[in-house]
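The sequence and the structure come first.

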Amino acid sequence: MAQRFFSLTEDVYVPGRWYLRDPIGEDASGSRSIWRFTQGQRVEVGGRLTVPFRRPGRELDFTAAGAASTPMVSARIAAVLERLAPDDVQLLPVDIEGTSEPFSLLVVTKLLDCVDDKACQAVERWLPEDGRPDKVGEYRAVYGLRIDPERVRGARIFRLRGWTLPIVVDEEIKEALGQVGISGGKFEEV
């Protein structure tokens with residue numbers, strides 16, 4: 001049986017849920033570096049990060065924070081990921097204003113070229129006439145995402161080269177997160 005994979009995204013329909021802003025470093029740096037957490041590689045952080053509220057509410061185990069959709073995870077979720085995919089993740093402790101519970105910023109450290117363009121519902125790429133020479137050839141949009149499991153090469157949790165928005169997990173991680181009762185995250189087979 002072929003290995004199955006799922007995108008892990010934020011469930012924005014949780015009633016009364018919190019919304020978080022981008023993480024801020026001890027030096028008050030913010031927006032200039034927020035994208036580095038979602039690029040599929042380890043990062044160096046000088047000091048502890050703080051995550052302010054955009055809107056207080058119900059704490060969630062999985063939240064995509066701020067403009068960069070930086071994943072924040074509870075200690076329960078972090079423990080599952082550390083146990084099942086220690087080589088695929090970096091967990092950075094964060095202080096979320098208004099909570100004493102431990103949370104981590106999840107950095108997915110694997111970036112794989114495994115989008116199956118032909119199996120996706122539709123794929124759009126940046127073209128020269130779009131006026132973004134820095135993005136020509138990269139994905140502009142992917143609908144009905146499908147990946148080629150043959151190109152995964154043993155990764156358990158990863159991001160996609162050229163389309164880093166979704167986090168992809170294998171079936172065992174999906175099931176383990178479901179067993180601990182993940183709140184705030186939803187899965188869709190890719």
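The text below takes up the pocket, then the helix, then the salt bridges.

The coordinates are those of a predicted model, and every value given here is computed from them. The largest pocket has a volume of about 970 Å³. Its lining is made up of 37 residues, of which Arg159, Trp163, Thr164, Leu165 and Pro166 are the closest to its centre. Two or more lining residues come from each of strand S1 (5–10), strand S5 (62–65), strand S11 (139–143), strand S13 (163–170) and strand S14 (185–189), and S13 gives the largest share, with five residues. Sorted by class, the lining of this pocket holds 20 nonpolar, eight polar and nine charged residues.

Helix H1 spans residues 75–84, and its buried residues are Ile77, Ala78, Val80, Leu81 and Leu84. Why do they lie on the same side of H1? They cover an arc of only 160 degrees around the axis, and therefore share one side of the helix. In general, an α-helix has 3.6 residues a turn, so residues three or four places apart point the same way. The buried residues of H1 pack against strand S6 (70–74), strand S7 (89–96), strand S8 (103–108), strand S12 (157–160) and helix H2 (171–179).

| Salt bridge | N to O distance |
|---|---|
| Arg4 and Glu171 | 3.0 Å |
| Arg48 and Asp95 | 2.9 Å |
| Asp117 and Arg125 | 2.8 Å |

The bridge between Arg4 and Glu171 links distant parts of the chain, since Arg4 is in the segment before S1 and Glu171 is in helix H2, 167 residues apart. Arg4 is partly exposed, with a relative accessible area of 31%, and Glu171 also counts as partly exposed, at 23% relative accessibility.

In the bridge between Arg48 and Asp95, Arg48 lies in the loop between strand S2 (19–20) and strand S3 (49–51) while Asp95 lies in strand S7, so the pair ties together parts that are 47 residues apart in sequence. Arg48 counts as partly exposed at 36% relative accessibility, and Asp95 counts as partly exposed at 36%.

As for the bridge between Asp117 and Arg125, Asp117 is partly exposed with a relative accessible area of 29%, and Arg125 counts as partly exposed at 34% relative accessibility.

Note on methods. Residues numbered from 1 in each chain as written. Predicted model: local features only at pLDDT ≥ 70, side-chain atom pairs only at ≥ 80, totals over all residues. Heavy atoms only, no water. 1 Å grid on protein atoms, 1.4 Å probe; cavity = no way out; pocket = protein on both sides within 12 Å on 5 of 7 lines; lining within 4 Å. Points joined across faces, edges and corners; volume = space filled by probe spheres on them. Helix = DSSP H or I, 4+ residues; strand = E, 2+ residues; numbered from the N terminus. Nonpolar A, V, L, I, M, F, W, Y, C, P; charged D, E, K, R; others polar. Buried < 20%, exposed > 50% of the residue type's maximum accessible area, 1.4 Å probe, protein only. Arc of directions from axis to C-beta. Contact = heavy atoms within 4.5 Å. Salt bridge = Lys/Arg side-chain N within 4 Å of Asp/Glu carboxyl O.
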